[in-house]
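I opened this notebook to record what I looked up, entry by entry.

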Amino acid sequence: MISLPLVCMQNSYGLAKTQPGGSGCGANLPIHAEEKKLFMIGKIAKVTGSLILGFLLSRGFVFLTYEVLSLKKLLQIDTQAIHQEKLKSYVYIRTTSLNPSEYQGITYHARKEIHKAVRKILETEAKIFRRPFNEQFSTFDGEDHECALWLLLKRSQSEDKEVRLQAVQDLANNSHWHDYQYGTVAQTCDQRTAIGLARSKDIDLRFFLPPPPLPKIKNDYPIEDELRLLLVSLPQTGLDPCVQYFTSLALRESSQTLAAQRGGLWCFGGNGLPYCETLSKIPSETVELFCLQALVQHSKVSSHCDKIEAKGGLQLLQRIYQLRKDSAKIQRNIIRIIGNMALDERLHSSIVRAGWVSVLAEVMKSPHVIQSSHASRALANLDRDTVKEKYPDGVYVLHPQYRSSQPIRADILFVHGLLGAAFKTWRQQDIDRRLDKKASEGEEDYSQCWPKTWLASDCPALRIISVEYDTHLSDWKAKCPVEAHRKSIAYRSNELLDKLRAAGIGDRPLVWVSHSMGGLLVKKMLVDASKNPEMDKIVNNTRGIIFYSVPHHGSQLAEYSINARYLLFPSVEVKELSKDSPALKELNDDFLSFAKDKTFSVLSFAETLPTHIGSMIKLHVVPLESASRLNSVSEAPANSSYFLL
């Protein structure tokens with residue numbers, strides 16, 4: 001460092017000051033008082049300026065630190081939904097609308113900035129005073145409807161059931177969101193919320209992710225192979241005879257079609273000289289139906305459901321469902337299996353992960369009552385948040401099929417009869433099969449079911465249930481020909497009573513509506529329930545019974561069984577309907593004895609028009625005297641036939 005000498009100089013006021021280069025004489029000159037004052041002000045200014053500059057720099061550093069922390073908070077949203085979002089593989093990019101009408105004015109932007117400022121003030125205040133911050137003022141800096149989306153998602157996972165159910169309902173009511181917002185809900189909602197959305201009326205299907213993609217299979221490895229391997233992996237010993245029958249039937253037909261595909265032959269018989277056919281082969285769809293019918297029987301056994309899930313059955317069924325969208329029967333059997341498996345709550349997570357919630361939500365919108373009712377049953381068994389009952393195989397809820405805030409005041413139970421079903425018995429009218437191409441191809445498409453449409457519309461506070469069981473005129477057409485006693489009224493009564501109690505029948509006032517043999521079954525169930533203390537609720541809550549063409553004293557149909565070709569081997573059901581049957585007389589006496597001290601009402605309808613049975617028989621299936629000879633009831637002849645009451 002170079003030292004410069006001081007040079008003594010004189011300014012215009014005659015004051016001396018020093019400058020570099022002088023001799024240092026200024027150091028000994030006297031300083032005037034005014035100059036001394038100015039000199040002190042300069043020093044004060046220098047010190048003050050340094051302090052101000054330091055203060056500004058420190059303030060700027062604090063400001064920058066605050067902004068960095070705020071930015072970090074903006075990028076971290078402390079919600080469980082966001083944590084789940086990170087686990088997903090989908091990324092949605094927000095796009096800007098090109099529609100000028102969607103841009104907001106200055107008032108909107110001013111309000112938004114004020115909201116941000118107030119939110120920061122409240123957040124700072126909460127931190128200073130260590131008070132909880134209102135969740136409505138989230139650190140997420142988004143649009144109002146986006147904040148509402150995340151808030152609803154958070155509330156849908158609340159421990160408070162009322163808050164949770166209301167949040168799901170509010171989510172379901174949103175119909176104005178963008179695609180990415182529906183996709184966000186689909187990715188972030190939990191299992192319980194997804195099921196609740198699927199059971200919401202008029203739900204937007206964008207709320208659900210599609211089923212996960214399945215690995216491709218080789219062309220030379222047909223679906224029948226996978227179904228056969230799945231059936232073989234299930235327990236084969238100690239089974240119900242009907243389960244054994246369906247399984248052996250499916251495996252036999254499956255092996256035949258495999259032989260046809262691989263060797264050009266398929267054979268009948270199990271002896272050493274089988275008959276081999278080379279001119280045709282079994283259609284794949286038929287083989288799949290055999291296998292699915294066997295799986296339906298297995299799915300009624302809880303331990304077998306575990307095996308089906310463990311062997312990848314849910315994914316296999318998903319593959320078949322997607323491949324066979326043109327076959328209503330195959331899809332219906334698959335959904336029936338899912339509904340049976342859903343009775344076990346341990347399998348709910350697996351069912352959801354396999355993508356079945358989105359499939360069921362879509363089928364719920366089907367105009368066909370059979371399809372939608374199967375899906376409704378499966379979803380009701382999955383929904384443990386609002387449904388306490390469980391619906392076993394053959395028990396279907398026609399109303400309400402969606403979540404509803406309307407309290408249920410009573411149950412109406414429909415029981416079909418001979419050759420009937422849970423849906424087709426109660427159809428409004430027969431389809432003109434000459435005009436219905438699907439019907440000519442074997443599809444069972446029926447018109448709307450009047451309990452689901454008319455009755456539900458007139459009485460929305462009712463729970464309407466219809467049950468189904470197999471009945472046949474001849475053992476030739478029986479689905480399960482083994483163990484004939486299973487088709488008896490006594491056996492069906494015990495079986496149905498257990499299913500109805502699981503479905504909550506008896507917890508509310510109850511009205512029975514029965515047709516044909518279904519009326520006999522209702523009488524038997526009530527007599528049996530009166531002898532079982534566990535079934536007291538069913539008896540005590542019965543308020544009325546309606547009999548449609550019920551053969552209290554037998555039917556003429558059994559008498560014609562010998563004359564009709566397809567009734568050479570009349571079924572157990574037909575034999576039990578013999579005119580003046582001792583078993584029916586005993587049942588009628590037991591019912592009258594049971595009902596004499598009960599207060600419920602009974603209304604009986606009788607047919608007046610003959611019914612065509614095939615092309616050969618025309619008769620009154622239930623004569624007027626058989627339908628009306630039930631004492632102490634109201635009777636009404638109906639200008640209709642057996643099937644069109």
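The entries below follow the order of my look-ups.

**Basis.** I worked from a predicted model, in which local features need pLDDT of at least 70, side-chain atom pairs count only at pLDDT 80 or more, and totals for chains, interfaces and linings use all residues. I numbered residues from 1 along each chain as its sequence is written, and side-chain values use heavy atoms, with hydrogens and water left out.

**Aromatic pairs.** I searched the whole structure and found 13 aromatic pairs. Rings of Phe, Tyr and Trp (its six-membered ring) pair if their centres lie within 6.5 Å; planes under 30 degrees apart count as stacked, over 60 as edge-to-face and the rest as tilted. I looked up Tyr245 and Phe246, which form an edge-to-face pair at 5.5 Å centre to centre, with 75° between the planes. For burial I used relative accessible area: buried is under 20%, exposed over 50%, partly exposed in between (1.4 Å probe, protein chains only). Tyr245 is partly exposed at 24%, whereas Phe246 is buried at 8%.

I then turned to Phe547 and Phe591, whose ring centres are 6.4 Å apart with planes at 80°, so this pair is edge-to-face. The two residues are 44 residues apart and link distant parts of the chain: Phe547 lies in strand β9 (residues 542-548) and Phe591 in helix α23 (residues 582-595). Helices (H or I, at least four residues) and strands (E, at least two) are DSSP runs, numbered from the N terminus. Phe547 is buried at 0% relative accessibility, and Phe591 is buried at 1%.

**Nonpolar cores.** A nonpolar core is a set of buried Ala, Val, Leu, Ile, Met, Phe, Trp, Tyr and Cys residues joined through side-chain atoms within 4.5 Å. Which residues have the most contacts inside the largest core? I found Val185, Leu197, Leu295, Ile351 and Trp356, in a core of 64 residues. Helix α10 (residues 284-298) gives the most to this core, with eight residues. I listed the contacts (heavy atoms within 4.5 Å) of Trp356, leaving out residues up to four places away in sequence; among them are Leu314, Tyr321 and Ile351. A second, separate core has 42 residues, including Tyr391 and Val539.

**Strand β5.** I found five of the five residues of β5 (residues 395-399) buried. Strand β5 pairs with β7 (residues 462-467) in the antiparallel sense over four bridges; pairing requires at least two DSSP bridges between the strands. The bridge partner of Val395 is Val467 in β7.
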